[in-house]
Amino acid sequence: MSTSSDEREMLRETVAALVAKHAGPAAVRAAIESERGYDESLWQLLCEQVGAAALVVPEELGGAGGELADAATVLRELGRALVPSPLLGTTLAELALLAGTEPDADTLTALAEGTSIGALVLDPGYVVNGEIADVVVAATDGQLTRWTGFSAEPVATMDVTRRLARLEPEDTRPVGDDPGLSHFAAILLAAEQIGAAERCLDLTVEYTKSRVQFGRPIGSFQALKHRMADLYVAVSAARAVVDDACAAPTPTNAATARLAATEALNAVAAEGIQLHGGIAITWEHDMHLYFKRAHGSAHLLDSPRQLLGRLESEVLSTS
């Protein structure tokens with residue numbers, strides 16, 4: 001089932017309203033400190049009212065029958081407020097199971113309802129949802145494998161809003177061929193990065209309008225106006241690249257989207273820290289959390305250097 005732009009905008013607005021009501025800065029900090037690392041009641045609301053975990057699952061398997069862009073829309077809104085959530089890992093686990101020759105209907109239904117949590121293993125040392133996952137699928141050398149038994153060990157991270165774990169398989173069984181899940185992961189992570197970049201820029205612009213120096217708001221200085229404009233262009237351009245990748249999730253589009261989103265979020269977060277001054281690195285202010293998210297996300301999945309290398313080899317092979 002294809003989703004219209006109006007339906008997707010309605011989905012975005014619904015998620016944004018839930019986030020505004022239940023995931024303010026204090027709630028995000030409480031979720032970070034909680035046992036499972038996310039707000040379980042908000043996760044339930046997202047699953048029941050939005051069907052967040054059901055978006056990519058076909059209707060006949062208990063899902064909403066949506067598209068990758070629908071999941072990206074929700075992740076962008078969650079990324080905007082740095083909401084800790086099992087959605088990214090769960091969505092990727094669903095896509096992995098759906099790629100199998102005989103999709104496990106019961107498991108997919110539980111994931112779509114949000115009662116089970118999923119994880120996709122691309123790098124066993126850094127697995128999103130690894131510590132809390134019930135359903136784990138690994139993508140290795142073009143093959144997908146379900147880890148029916150595994151051990152998990154938490155990994156120390158700079159980004160406290162996203163917990164990672166090191167996983168070791170104990171019992172496994174084959175699922176099928178890997179349709180390129182690392183590319184889907186890159187696109188979904190890029191969408192989340194765009195949301196964070198947009199909000200990070202908003203916070204910085206708001207601060208420069210209110211911070212007075214030499215008798216006037218610092219945002220009125222020409223040099224800062226130019227910097228804000230450059231950041232706005234960078235984020236808008238990256239958002240367009242990510243939207244294209246959602247619509248056509250090719251390996252090239254995925255790599256381009258991930259590069260654009262990573263560069264945009266890194267640039268906005270670095271400027272945000274600088275322009276906020278000392279307040280940015282206090283625990284009470286959100287800016288340092290966006291900086292840590294930018295750094296953590298840049299090192300999740302393939303590095304910018306690996307992505308550039310892949311794009312370079314594609315250009316050379318077609319020229």
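**Cysteines**

Is Cys 47 buried or exposed? In this predicted model, Cys 47 has a relative accessible area of 10% and is therefore buried, since the cut-off for that class is under 20%. Cys 200 is likewise assigned to the buried class, because its relative accessibility is 0%.

A search of the whole structure returns zero disulfides. For Cys 47, the closest cysteine sulfur belongs to Cys 246, and the separation of 20 Å is too far for a bond. A disulfide would require the two sulfur atoms to lie within 2.5 Å.

Ala 69 is part of helix 4, which covers residues 68-80. Its relative accessibility is 11%, so Ala 69 counts as buried.

Leaving aside residues up to four places away in sequence, Ala 69 touches Arg 8 and Cys 246.

**Asp 243 in helix 8**

Helix 8 spans residues 222-247 and includes Asp 243. With a relative accessibility of 42%, Asp 243 is classed as partly exposed, because that value falls between the limits of 20% and 50%.

Asp 243 and Thr 73 are 170 residues apart in sequence, yet their C-alpha atoms are 9.5 Å apart in space.

Notes: Residues are numbered from 1 along each chain as its sequence is written. This is a predicted model: local features need pLDDT of at least 70, side-chain atom pairs count only at pLDDT 80 or more; totals for chains, interfaces and linings use all residues. Side-chain values use heavy atoms; hydrogens and water are left out. Helices (H or I, at least four residues) and strands (E, at least two) are DSSP runs, numbered from the N terminus. Buried means under 20% relative accessible area, exposed over 50%, partly exposed in between (1.4 Å probe, protein chains only). Contact means heavy atoms within 4.5 Å.
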